[in-house]
Every structure is written in C-alpha cells, then in structure tokens.
Amino acid sequence: MRRGLRIAPWAPWGLLYGFCGLMLFFLAAPIVIILLVSFSDAEFVYFPPPGFTLRWYAHLVRMEGFVPSFLLSLRLALLVSGLALMLGTAASLALVRSTFPGRQWLNTFFMSPLIFPPIITGIALLQFFSTLGIRATFFTLMVGHTLITIPYVVRNVTASLQGLRSNVEEAARLLGANPWQTFWYITLPLIKPGLLAGGIFAFITSFDNYTISMWLKSAEETPLPLRIFFYIERIMDPSVAAVSGAMIVFSIVLVIVTEKAMGLSRAMNV
Amino acid sequence: MADVHLSHVTKRFGKVLAMDQISLEVQSGEVVALLGPSGCGKTTTMRTIAGLETPNAGDIYIAQQDMQGIPSHKRAVGMVFQDYALFPHLSVQENIAFGLKMRKVSRTMVHSKVRDVLKLVHLADLPGIEQRYPHQLSGGQRQRVALARSLVTEPKVLLLDEPFGALDKKLRESMQVEVRLLQQQLGITTIFVTHDQEEALTLADRIAVMRDGRIEQIGTPNQVYESPRSRFVADFIGVSNFFSGKVEAEHEGGFMLRTTRGMPIWLKPPLRQQLSVGDTLHLALRPEKVTMVPFGDTLMPYTQSATIKHIVYLGTVTHYYTRTVHGEEIMIYAQNQDMGHDCGPVAVGDIMSLCWKPENLLILEAD
C-alpha cells in the first residue's frame, strides 16, 4: 500500500460540490452585481455601491427612447416567435414525416443560421434587401429575426415529433378525424413541449438580438439591445444596470408565467 | 354477404412484395385471423383494409362499397393497435369520446354512449375510471379502453393488430375469451392479426395462414389443423412429425411407402390425391395421433419399434421424443389420463411400439 495516494472519503464529494458551487457562482454573480449596481447612488457604474437609491429606475422611464425601444423589441419578439413557430413546425413536419430526396440536406440547411456567424447573416440580408430595393423597416427586422430563430423551433419540434408514436395519429384517423382535425386535436397537443421550448428560445433570441438588428433596423425605430449599447457608448451610469435589472425581472416573470400557464419545466424536459 | 372483400390486392414497399395478389372474403359477423410469421404481410393486409396503406393493385370492398380513394377516416373501420395507441394527453372519457366528437354527436348522447360502452368492456364498475389518463391504467384496462374507443362509433368492421401481444399469459387468455364473447354479442365482423397459432385457434371462425405476402391456406381451425395443405401450414399450426419417401407398392387400394431413411409406412384410402407406385410424397403426422405400447403388445399392423430418447412431463400431457429403428425421429404427445403413465412406467432408453391409424397421415403438397 502506498500511503501517499490515500484519499479522504469526503474528497470526491467535496470536489463535486466545490465545482458545482463555482459554476453557480460564475453564473449568478454577474446578475447579482448588476442588480446591486442598478440600485447604486453613485453617478458611475461602480462596485460595491456606496449607497442605495431607486432613482435609476425612475430615470429609465423618463429617459428618451427606452420605453419605445422596449415596446418595439417586445412586439418584434412576439411576432417573430409566432412566425418562427408556424414556419418551423411546418418544416419539422415535412422533415420528420415525409421522405423525399434531399431531406437530410434540407435539415442541415434549416440549421445553418445557427452555424453561420450572425453578423454575416445580417450583412447578407442587408445586401439582399437593398438589391431588391426594400428599405430597412420593422418588416426587414422581422424577416431577419425570423430567419435566425427558426432553427430553435425546428430543433425542438423535430425532437418532439420524433418522440411521438405516429400510430396515435393513425388511431385518430380511423376514429373519423380528417388530417386537419388529427393535427389539431392529437399532434399539436402532443408536441406542445417542443413548441413551448422552441417558442421561448425564439422569443429570447429575438428579444436580445444585436448583430442582426444592427444591420436591418430602420432609422426611426431602435430595438432595446441597440438602444442600451448606444447609451453605454456615451454615458456609463447605473441606468444601464437598471435596464439590465428590468430585463432580468422581465425574463423571470416570463418564465414564471409560462410555467404557471403551460408547464415550462415539462417543456424543457426538466 | 361479404363485409370485407379483397380482390387480387398487391402492395409493394420498394422491392419487397408485402401483399402478392391477396384475395379474401370475410362474411358478415365472421372472425378471421391472419396468421403468419413476421414479415408475411399480415399487418400490411390489415393496414390496407384500414386505408393506412394504399395498394399498388387490386380492389378492396367494405360492405360492397369500393374503397379506392376513400381515406381512413371515412371507412367506418375500427382498429385496436398492438400498443393500443391511446391518446396520452386525453382522459379515458375523452379517448372514448373522440370518435363521437369527430362525428359531431351531441354532448348528452356522448355521455350515455361512453357509459354504455364502458359497461360493455366491463370497466363501468371502476369508480372514476373516466377521469384517469392512459398512463394511470393497467395493461388490461388500457386494452379495454382501446376496445371501447374503437367500438363506440359502431364500425362495420373491427380490426385487431396483435391485440393480446402486450398482456401476460393469464390475462391474455381471459381477454381472448372476453373479446370473443363481446364479438359474438355485437356480431361485428372482425379481422385480427396474430403470430400466435393458439390465439388464432381460440378466437377465429376461419384462419388465413400467410407466408411471403400470400395466403397459403384459409379454413376453419379444424380444417387448417387437421388437413394442412403444405408443410409450412402443418409446421406453423401445431407440431408435426414429417416424413418424405417414395411409394413402393400398391395393395388393395392402399399403398406402401418407404421413407428416405427406410421406414415403411402404410397408406390407406381415402387418400387426398391419386397415387401411383414411384411417386415421391411428403407426409405429416400429428404427435397426439401416435400411440405407444410396450414393445410386443401390438394393436395394429405396421407398428414401428422405437427407442425413447427424451421425456418432457407437462402436467396434462407428456411429450416423448423417440427414434425408430430406421432412424426416423417421432414425437408423441400422450394425455396423462391416469396417475403415472398410460402404458406403465416408461423411461429413457426403453424400446416401445408406435402405432397410428393410416388415415391420420397427412399428405402434403410439395413446397
């Protein structure tokens, strides 16, 4: 027996908990810090805050452009996740249910926006629209965002569809349901987890997208992530932290509402 | 009147011929089993009747109506799937009511119909069964719900795909009897797919033995068991001893055949086909049709002496594996009518006389 190699029985557990603790710390610490800073009464982003105040949150609402930008991003993300869900689900159905030449190729093609650097997708889209003579508007933003969010829907819905035994659809057909009724009453409820997960990913991806919006936004309307960035370029005061804080709260509310309404933990397969 | 009529139906999957010109008539109220090994086309045949597969050629009629171009949901066919295919997100009540909902049956009617059909499948006594979900049911209950769901819309034809495959032996046997009684009560035309010969014998009025996309033989359980047409049928339904040999002599309308190993077999009229000296024949002999007596106590002419090689005692019957002096292996099933053995204590290595009635020899068609 070599003495030097003896390991205390708690050591593996200690390592595991230590590692997990560090992971959690690095995930949570920036959020905690940004929340603390958002209540700071200093004039600059500074940690630890010397004192606390709510004025940056009040400032936020009064600050020019932030509320319209938030509303624009919200409207955009909602529309985009809806569109991505419709198109992505249709694509998934074709990919999973039918066999046609080039199916595998098409599957990869649908995933390509995830693989391409978004900045390149953005430039390409800008080129495309300007060649067609289409001015950058809300519409171009919507098209761009839908393009990059479709892969999330296709991924999740495809997984759900593959997990679905197709004979429940056949059973529905034999009970007198036409193809539409079968889709509506049987397929759709059974792939709900995939739809929810895909929809949430699409929403979040669109809501905080910067690289695509940068190229495709109109002169008049600025989505929230761009607004925040433009602001930081000029002034670095805790109102930026307040925006972040508001967005964190908004995300948490979104997750809780979805959880209550439709069972998100099931959707995420937790 | 034929409720289901298939006429020369062919179905190909790529290069595989799943149905090769299948013709089949199922009479009103009849139960027909499609029996065969996996890959014989039995499931495809059923799915084609249901409209889940489109045949490449041939016609299908349900209640005298040509089914060409008629989609599944308009065929008035009920089907129970092998794994039941219950809708996991719907309760028992909603599962059963689904077909009625698609037919726009009024709410009050749906309620009473669901209750009636639950009574029919003996589920009405379970309190709160309607509100349960499929994952909260036992295997037997799931099957009853699946059956109720397919019966509630009063289909003309009921299709069952390996309906008892997922149940354990005891439950399977009781469900088989129950389904048969239910079928007789409703008089519904039923086609079911199985690879289990016992299930086919238990449930069916007629059995269609399938092989390589064709129906090898169709007939009542008695017909397919007692006069199988081919070695395949004789082997698939029940157990048989097989012999092949040449006809050597004719005597008073009977024939003497010698097997390839040299064992003489006596064939007596009535015979299924015309024989003449020199013909090559394939014969089958069911093991329960062979009797065994102590060596020397001859009951009939042309007995074979054989050595006991192996004995399997199964409670109601005992299986004896024997080898004749000519080297033919013959299996014998003997009923255990008395305690102990019918013909005294028999042990491995004993020499016995085997005999059978010549008319129990089955002449098979060459494969």
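Modeller: Two strands pair if DSSP finds at least two bridges between them. Strands (E, at least two residues) and helices (H or I, at least four) are DSSP runs, numbered from the N terminus. The model is predicted: local features need pLDDT of at least 70 and side-chain atom pairs count only at pLDDT 80 or more, while totals for chains, interfaces and linings use all residues. Residues are numbered from 1 along each chain as its sequence is written, and chains are lettered from A and ligands numbered from 1 in the order in which they are written.

Biologist: What is the strand order of the open sheet in chain B?

Modeller: The sheet has four strands with antiparallel pairing. Strand 2 (16–27) and strand 5 (65–66) are its edges, as each pairs on one side only. Strand 4 (residues 57–62) joins strand 5 over two bridges. The order in chain B is 2-1-4-5.

Biologist: At what angle does helix 1 of chain B run to strand 2 of chain B?

Modeller: Helix 1 (residues 42–50) of chain B lies across strand 1 (2–13), strand 2 and strand 4 of that chain. Axes are lines fitted to C-alpha atoms, for helices over the stretch in contact, and angles run from 0 to 180 degrees between N-to-C directions. To strand 2 of chain B, the angle is about 65°.

Biologist: Why does B:Ile129 count as partly exposed?

Modeller: B:Ile129 is in the loop between helix 3 (107–120) and helix 4 (139–151) of chain B. A residue is buried if 20 or more other C-beta atoms, placed from the backbone, lie within 10 Å of its own, exposed if 12 or fewer, and partly exposed in between. B:Ile129 is partly exposed because its C-beta neighbours inside 10 Å number 18.

Biologist: Which residues does B:Ile129 contact, leaving aside its neighbours within four places in sequence?

Modeller: Two residues are in contact if their C-beta atoms, placed from the backbone, lie within 7 Å. For B:Ile129, the contacts are B:Val92, B:Leu118 and B:Leu123.

Biologist: Which helix of chain A gives the most to the side that touches chain B?

Modeller: The contact takes 16 residues from chain A and 17 residues from chain B. Helix 7 (167–174) and helix 8 (179–190) of chain A each supply at least two residues of the chain A side. The most, seven residues, come from helix 7 of chain A.
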